[in-house]
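Open the model in your viewer and keep the selection tool ready. We will go stop by stop.

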Amino acid sequence: MRPEVGSAGWNLRSRAIGEYSHRLTNVDLEPLAAAAAAELVAELVPAGGLDPSTLRTLVEVSEGNPLYLEQLLVRLQETGGLEHHETW
């Protein structure tokens, strides 16, 4: 969750902490390192499916967020920049 005070997500988090702290576990996730993001892409896209420049751009733009990285790959596939395969 992005720490934007006043956002709907922040308000939900605050309410959960206040009313359900006995059921709440906070898990802080760090962004993926560039190498780990590239490895994730390699698992999702067949070998040779992306040129190195596009891979670097996807890794940089996603800022280590694996969900966003996957969404970028889906969008690339939807716009014809990447052929869809059954692996993702």
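Predicted model: local features only at pLDDT ≥ 70, side-chain atom pairs only at ≥ 80, totals over all residues.

**Stop 1: α3 and α4.** Now look at the handedness: α3 passes α4 in a right-handed crossing.

Show the side chains where the two helices touch. From α3, pick T54, L58, V61 and S62. From α4, pick Y68, L69, L72, L73 and L76. Colour them by class.

**Stop 2: α2 and α4.** The crossing of α2 and α4 is right-handed.

Which residues meet here? On the α2 side, select A37, L40, V41 and L44. On the α4 side, select P66, L69 and L73. By class, the contact of α2 with α4 holds seven nonpolar residues, with no polar and no charged ones.

**Stop 3: the core.** Clear the selection. Now pick A37, V41, L44, V45, L50, L58, V59, L69, L72 and L73. These ten residues form the largest nonpolar core. Helices α2, α3 (52-62) and α4 each supply at least two residues of this core. In soluble globular proteins, nonpolar side chains tend to be buried together.

**Stop 4: E63.** Move to the loop between α3 and α4, where E63 is found. Is E63 buried or exposed? E63 is exposed, because its relative accessible area is 60% and the cut-off for exposed is over 50%. Check the backbone too. Phi of E63 is near 50°, a positive value in a residue other than glycine.

**Stop 5: the whole chain.** Zoom out and show the cartoon. How many helices and strands does the chain have? There are four helices and zero strands. Along the sequence, the pattern reads α-α-α-α.

Next, colour by burial. Of the 88 residues in the chain, 17% are buried. Finally, think about contacts between residues at least 6 apart in sequence. Of these, 37% join residues at least 24 apart.

Note on methods
Residues numbered from 1 in each chain as written. Heavy atoms only, no water. Left-handed = near helix turned anticlockwise from the far one by under 90°. Contact = heavy atoms within 4.5 Å. Nonpolar A, V, L, I, M, F, W, Y, C, P; charged D, E, K, R; others polar. Core = buried A, V, L, I, M, F, W, Y, C linked by side-chain atoms within 4.5 Å. Buried < 20%, exposed > 50% of the residue type's maximum accessible area, 1.4 Å probe, protein only.
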